[in-house]
Amino acid sequence: MTDFSPPRGTQDLFPPTSDRIERLRRDASALARTYGFRPAETPAFEHTDLFVRGVGESTDVVTKEMYTFEDKGGRSLTLRPEGTAPVVRAYLNVRQSLPTPFKAYYVVPMFRHERPQAGRMRQHTQFGVEIIGTTAPAADAEVIALADSFLRGRGIERMTLHLNSIGDEKCRPAYREALTAFIEERSDRLCSEHRERWKTNPLRVLDCKREECRTATEDAPRSIDHLCEECRSHFETVQEGLREEGVALQVDHRLVRGLDYYTRTAFEFVSEVLGPTQSTLCGGGRYDGLAEALGGEPTPGIGFGLGLERLLIALEQEGVALPEPEAGVFVVALGEAARSEARALVRALREEGLIAETAYEDRPLKAQLKMADRSGARSAAILGEKELAEGVVTMRRLTDGQQETVKASEVGSWLKG
Ligand SMILES: [Zn+2]
Ligand SMILES: [Zn+2]
């Protein structure tokens, strides 16, 4: 084996990227916790049928992008392409033991066989949340506010929240009919893909990024003009909730999700600094019909998915200085007696929650300082014969070589200060 690169479309998360992704993972979990969400993780693979039913047979994800394989028992399994269907499946499996509504979050890998390009990988890390068991518009506002707070809190400024309501099983058929009649008259002006196939899913045409479809549907009927009373009031309350949270939004009539179990709220946070095909930082919405599509009791829900690798690219594009990983101290020991003292110091510092290391073998001072530098430590604690005799440690800042003598017992507070 001479090629050590990872499979096409994937990446190894190694320093410094791994430090940054890990930081985002922790920030995501910590923030979701403050909103009362609890961790919920499902297996990385599921029965293929779950995604066929739960993502939709006619979607690109299911027809083109799934990693599907047969296991040794002849079962068809698929690597998880998205998080909602698995979490709803798991919820239906153990719902009796869970609170209602159930608020779940996860930070897990997703797999899609896409054409690899910047910001679109075959495996990526997704932060997702779901609120299962309520139709209340306050839940929609909370989920969207959480995504907004996470993105802004990381430093994203140049983004827009797109929001729409696509109605429910009561009012959508009439909208679909109006849209169908509209497109029927202009179907010859659609892009090559939709000219033939638009009838299977007319809503998808609104979503098409190609110029022909965009122009042809400029004055297309809007879903919000066809909402029933309940859906209209739901949509208004979601917007009020967002105003209360101070989250700016833009109603986007093209934001549709073409499957029947998606209902009412649909939203996307779109970055202004990423290319048009990968500008969505976070997408989500309501899926009140999903549990039934999976064969379970009717159970409403809302959630979002947010890719961390893409967020990292957006942060770089916006020129946000990425948080440095926490820096520790490298204890440099000179001589055998000092080495055992150094190990004791490292133990004590670790117990205080500080990052501390020392060399495994005896080395000259210069070599140990070089190791300290490479380890990512910010300072070195030097223990030589003189220091041992006086019960002190020489603390050296690695950035500028400044040194200071500190009592051995006070190294921890010196580092924290
Ligand atoms: Zn099109
Ligand atoms: Zn409705």
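These legends walk through several close-up views of a predicted model.

**View 1. Four residues hold the zinc ion (ligand 1).** The protein donors here are Cys191 (SG), His194 (ND1), Cys208 (SG) and Cys213 (SG), and they lie 2.1 to 2.3 Å from the zinc ion. Look at the angles between the four donor atoms: they run from 100 to 120°, so the arrangement is tetrahedral. If you follow the chain, you will find the donor residues spaced C-x2-H-x13-C-x4-C. Cys191 and His194 are both buried.

View 2. Cys171 is buried, with a relative accessible area of 6%, and Cys228 counts as buried at 15%.

**View 3. Glu142 and Lys103 form a salt bridge.** Side chains of opposite charge can pair when their charged atoms come close. In this pair, the closest N and O atoms are 2.9 Å apart. Glu142 belongs to helix H5 and Lys103 to strand S5, so the bridge ties together parts that are 39 residues apart in sequence. Glu142 is partly exposed, at 24% relative accessibility; Lys103, at 18%, falls under the 20% limit and therefore counts as buried.

**View 4. Glu230 and Lys170 meet in another salt bridge.** Their closest N and O atoms are 3.1 Å apart. The pair links distant parts of the chain, with Glu230 in helix H10 and Lys170 in the loop between S7 and H6, 60 residues apart. Glu230 counts as partly exposed at 43% relative accessibility, and Lys170 as exposed at 51%.

**View 5. The second largest pocket is lined by 16 residues.** Its volume is about 320 Å³. Closest to the centre of this pocket are Arg378, Ser379, Trp414, Leu415 and Gly417. Strand S15, strand S16 and helix H16 each give two or more residues to the lining, and H16 gives the most, with three. By type, the lining residues divide into seven nonpolar, five polar and four charged.

Definitions and conventions
Residues numbered from 1 in each chain as written. Chains lettered and ligands numbered in written order. Predicted model: local features only at pLDDT ≥ 70, side-chain atom pairs only at ≥ 80, totals over all residues. Heavy atoms only, no water. Donors = N, O, S within 2.8 Å, 3.2 Å for Na, K, Ca; no water. Tetrahedral: all angles 85-135°; square planar, octahedral: opposite > 155°, others 65-115°. Buried < 20%, exposed > 50% of the residue type's maximum accessible area, 1.4 Å probe, protein only. 1 Å grid on protein atoms, 1.4 Å probe; cavity = no way out; pocket = protein on both sides within 12 Å on 5 of 7 lines; lining within 4 Å. Points joined across faces, edges and corners; volume = space filled by probe spheres on them. Helix = DSSP H or I, 4+ residues; strand = E, 2+ residues; numbered from the N terminus. Nonpolar A, V, L, I, M, F, W, Y, C, P; charged D, E, K, R; others polar. Salt bridge = Lys/Arg side-chain N within 4 Å of Asp/Glu carboxyl O.
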